[in-house]
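Have the sequence and the 3D view open side by side, and let us walk through them together.

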Amino acid sequence: MKPDMLVPGIHRVYARIGDRDLFEGIWPIPHGVLLNSYVVQGSAKTAFIDLVKDWEGAVGSVKEQMASLGLSFKDIDYLVLNHMEPDHTGSLAQLCEENPQMQILCTKKAVPLVKAFYGIEKNVRAVASKESVDLGGKTLVFEETPNIHWPETMMTYVPEDKVLFSCDAFGSYGQYAHCFDDELTQEEWDLLIPETERYYANIVSSFSQFVQRGIQKLAGVEIKMIAPSHGVVWRKDPAKVIDLYLKLARYMNGPAEKEITFVYSSMYGNTAALVPIIKQALEEEHLTVRLHEVPKDHASFVLSSAWRSSGLVIGMPTYEYRMFPPMYHILDVLERSHVNNRKVMRFGSYGWSGGAQKQFDPFVEALKWDCLGVIEYQGAPTEEDKRKAVAVAKALAKSVKEWSDS
Ligand code: FEO
């Protein structure tokens, strides 16, 4: 792998992480993920921005790319840690052993985390918003952007080149053969936008208020290039990813897209029996329906769909007097991510006793969902249950369309 030059003196050195692992130990990455670090060389000093965790030989790959620039970790004067999560700091102890003189720059909130994660206290310096470090012809200017993705996060800006190093913000899942947005093939774009949305939903969504605040903070900053620590570098059109993130952040409280996420589980087919009937009723209203069966579909994909949908259909049976467990997991994930203010309906079968609805109601309340109807039945759905399901689905479709258009 070769480093990519953003501008003279600024290079991306990075690692491709495959699909064998779960990101954060929970989210599938069938198309992999990139860990991007950046080297900024001034006439006097050299800085390294965000590290990689040593998954799949990532550190070795970064070292090789640095060597091709005539650099080693020993040449780093400043290590900037925009964010402490181990995907960006995992090789910190190793780097400090190789270069004990290097100064670590991070926010005040990150300082105790450097100690807690890696036992490192020496040469750690807290920087605050607007503080800067002169490298000689290139300056690093820091801006605290808390909670994108955790409280200690900041971004780093090089005003001479108008490059913003945003770490998790404006990032994406997926590997891309090309570094820059203007180099991507159509196939890469077809991966990038959905994988940016899924990354946002999985990693960033619950911090959406902070994303909006962070983007407001950047409003006066002229940005020619956004260099995140996951995904591609936005060189031609950085506004495209800023606008996408802003749109996704606003979905938190709805309305989102004029779409329905339809997620269901079924044990013996009695809950599934209503799926085609409800789906057809929604599609007759010209709504896009994103269908997921759980646990066959991972919560990562359900969350990504739900985040962009104004409406939700949730079907699950009762299981041991409570909700079917895989659906409880889905609802827990939706609640943690604050998929608020959606239009919803629920349906499901029970055998000997109900109970799922009692566990469903608190989610409706906590997430401020507008529940347009529940169809719950013993055993198989009757013709009357089917008629009711169609009527509620039509009401849901109407409500989603009106709300999304408002
Ligand atoms: Fe890419 Fe929050 O770490």
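**A walk through the fold**

Start at Val163, whose bridge partner in E14 is Met225. Before going further, please keep in mind that this is a predicted model, in which local features need pLDDT of at least 70, side-chain atom pairs count only at pLDDT 80 or more, and totals for chains, interfaces and linings use all residues. Residues are numbered from 1 along each chain as its sequence is written, and side-chain values use heavy atoms, with hydrogens and water left out.

Val163 belongs to strand E13 (residues 163-167), which pairs with E14 in the parallel sense over 4 bridges. Two strands count as paired if DSSP finds at least two bridges between them; helices (H or I, at least four residues) and strands (E, at least two) are themselves DSSP runs, numbered from the N terminus. In general, strands of a sheet pair through backbone hydrogen bonds, either parallel or antiparallel. Here 5 strands make up an open sheet with mixed pairing, in the order E10-E11-E12-E13-E14. Strand E10 (132-134) and strand E14 (225-228) are the edge strands, each pairing on one side only. On average, neighbouring strands of this sheet are turned by 20° against each other, direction ignored. For that angle, axes are lines fitted to C-alpha atoms, for helices over the stretch in contact, and angles run from 0 to 180 degrees between N-to-C directions.

Next, zoom out to the domains. The assignment of the protein chain gives domain 1 (4-251) and domain 2 (260-401), with bounds that come from an automatic or database domain assignment. Their C-alpha centres lie 38 Å apart. The contact between them takes 14 residues from domain 1 and 13 residues from domain 2, where contact means heavy atoms within 4.5 Å.

Which residues touch the most other members of the largest nonpolar core? Of its 95 residues, they are Phe48, Leu92, Phe170, Leu331 and Trp369. Helix H5 (residues 186-204) gives the most to this core, with 8 residues. Both domain 1 (4-251) and domain 2 (260-401) give residues to this core, so it lies between them. Apart from it lies another core, of 24 residues, among them Ala47, Val80, Leu140 and Met225. A nonpolar core is a set of buried Ala, Val, Leu, Ile, Met, Phe, Trp, Tyr and Cys residues joined through side-chain atoms within 4.5 Å. Buried means under 20% relative accessible area, exposed over 50%, and partly exposed in between (1.4 Å probe, protein chains only). In soluble globular proteins, nonpolar side chains tend to be buried together. Not counting residues up to four places away in sequence, Phe48 touches a list of residues including Val13, Tyr38, Met66, Phe73 and Val80.

Charged pairs come next. The structure holds 24 salt bridges, each a side-chain nitrogen of Lys or Arg within 4 Å of a carboxyl oxygen of Asp or Glu. One of them joins Glu259 and Arg308, with the closest N and O atoms 2.8 Å apart. This pair links distant parts of the chain: Glu259 is in strand E15 (residues 257-264) and Arg308 is in helix H9 (residues 299-308), 49 residues apart. Are these two partners buried or exposed? Glu259 is buried at a relative accessible area of 8%, and Arg308 is buried at 13%. For another arrangement, look at Glu402 and Lys398, whose closest N and O atoms are 3.2 Å apart. Both lie in helix H12 (residues 383-405), 4 residues apart, about one turn of the helix. Glu402 is partly exposed, at 48% relative accessibility. Salt bridges that share partners also join Glu197, Glu259, Arg290 and Arg308 into one network.

Finally, check the backbone. Most residues other than glycine have a negative phi, and most peptide bonds are trans. A cis peptide bond joins Gly254 and Pro255, with omega about -10°, and Pro255 is in the loop between helix H7 (238-250) and E15. Another cis peptide bond joins Val294 and Pro295, with omega about 10°; Pro295 sits in the loop between strand E16 (288-293) and H9. His286, in the loop between helix H8 (275-283) and E16, has a positive phi near 60° and is exposed, with a relative accessible area of 72%.
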